[in-house]
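The tour goes from a sheet to a strand, then to the spaces in the protein.

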Amino acid sequence: KYIATEIMFIHPKIIITYNDDNYIYHKIKKIFSDIKFIAIQNGLREKVITSKIIHEINHDDLYCYGSSDHKKFKNLGWNINNLYPVGSLRAGIAYSKYHDQQIEYDIAYISEYHSDDNYQADVDWLERHYKIDKIFSEIVNNNDYSVVVLLGTKNKNEKEYYNTLFNGNVSFSDPNKYLDSYRFIFKSNLVIGFCSTLLVESVGLDKKVLAIDIDKNTKESSTFFSYNELKHYYSNTKELRRHIEDILHLSYKEYKSNMKTVKKSVMNLDAKKPPHLVISNSINQILKSYEL
């Protein structure tokens with residue numbers, strides 16, 4: 001009510017959010033029929049996330065990642081008037097800044113570390129990502145790969161955890177620098193992780209991507225990351241190492257050709273029309289309509 005009162009006084013033409021499933025945003029939308037509401041998808045909407053959303057989702061305009069999100073939202077019963085699959089806003093900005101980086105690393109490994117004392121996480125999710133960390137570290141420690149870990153927090157324990165895991169033979173992105181993880185994605189030949197949004201964003205950036213999971217036959221296999229086109233289910237270390245080698249040695253041209261359909265589905269990012277410019281142009285058109 002407090003926020004709605006502020007909006008009454010401000011009386012904006014547009015309300016825009018980067019928190020597309022936010023409870024307050026969707027409640028406020030019901031109150032103001034004369035204001036244009038714009039939402040931008042800011043993360044994967046997998047079962048582990050959507051199962052916790054119990055409020056109604058009603059969008060005027062939603063700028064989402066790709067066509068597969070449209071199917072997910074429809075199955076969830078979310079009401080969306082206008083859906084625009086333009087890719088990730090962050091990834092589009094990162095492409096504009098860093099796409100000409102030279103390759104320096106074989107692999108960028110996405111950290112999904114969270115210290116147990118400050119994070120209430122799904123126990124199964126925590127167990128899975130710690131197991132995958134261990135599996136991947138064994139491969140790296142027995143092979144001559146150059147690896148950069150894409151840190152997710154500013155917690156010094158995260159860096160210490162991965163230094164111990166990889167025997168100190170890895171580099172790190174700087175979470176204090178704007179979009180630094182994306183910079184290192186461009187500096188790497190292959191991006192590997194468990195269920196991070198960065199995996200599908202990397203597809204949009206035309207990078208090689210590998211998601212690692214375990215327990216293929218359990219119902220939880222798609223709860224955290226449903227993009228099976230990117231996924232390798234771990235059975236043994238030798239097989240996973242061979243799979244990594246195959247992707248590393250595949251030419252970018254061939255890989256990009258193989259992923260053309262997948263890219264449109266999971267992260268429909270057009271470098272010539274990046275999301276931030278598409279959204280900016282749409283906002284300008286809306287504002288011009290008020291002047292007529």
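Two strands count as paired if DSSP finds at least two bridges between them. Strands (E, at least two residues) and helices (H or I, at least four) are DSSP runs, numbered from the N terminus. This is a predicted model, in which local features need pLDDT of at least 70 and side-chain atom pairs count only at pLDDT 80 or more, while totals for chains, interfaces and linings use all residues. Residues are numbered from 1 along each chain as its sequence is written, and side-chain values use heavy atoms, with hydrogens and water left out.

**The open sheet**

Select E1, E2, E3 and E4: these four strands form an open sheet in that order, with parallel pairing. E1 (14-17) and E4 (79-85) are the edge strands; each has a single partner strand, so one side of each has no neighbour in the sheet. From one strand to the next the twist averages 25°; axes here are lines fitted to C-alpha atoms, for helices over the stretch in contact, and angles run from 0 to 180 degrees between N-to-C directions.

Ile38 stands opposite Asp61 in E3.

**Strand E5**

Select E5 (105-110) next. Five of its six residues are buried, so E5 is largely enclosed by the rest of the structure; buried means under 20% relative accessible area, exposed over 50%, and partly exposed in between (1.4 Å probe, protein chains only). E5 pairs in the parallel sense with strand E8 (residues 188-193) over four bridges, and Tyr105 has Ser188 as its bridge partner in E8. Four bridges also join E5 to strand E6 (residues 147-150), again in parallel. Ile107 has Val147 as its bridge partner in E6.

**The cavity**

On a 1 Å grid over the protein atoms alone, a cavity is a set of points where a 1.4 Å probe fits but cannot get out; a pocket is an open set with protein on both sides within 12 Å along at least five of seven lines, and lining residues have an atom within 4 Å of a point. Grid points are joined across faces, edges and corners, and a volume is the space filled by probe spheres set on the points.

How many cavities of 30 Å³ or more does a search of the whole structure find? One. To see its lining, select Tyr109, Ile110, Ser111, Glu112, His129, Asp133, Tyr162, Gly193 and Phe194. E5 and helix H6 (123-141) are the elements that give two or more residues to this lining.

**The pockets**

The largest pocket holds about 1,100 Å³ of space. Of its 40 lining residues, Ser111, Glu112, His114, Ser196 and Thr197 lie nearest its centre. Helices H3 (47-50), H8 (180-186) and H9 (197-204) each supply at least two lining residues.

Finish at the second largest pocket, with about 280 Å³. Select Met259, Lys260, Thr261, Lys263 and Lys264, the closest to its centre of the 13 residues that line this pocket. Helix H12 (260-266) is one of the elements that supply at least two lining residues, and its four residues are the largest share.
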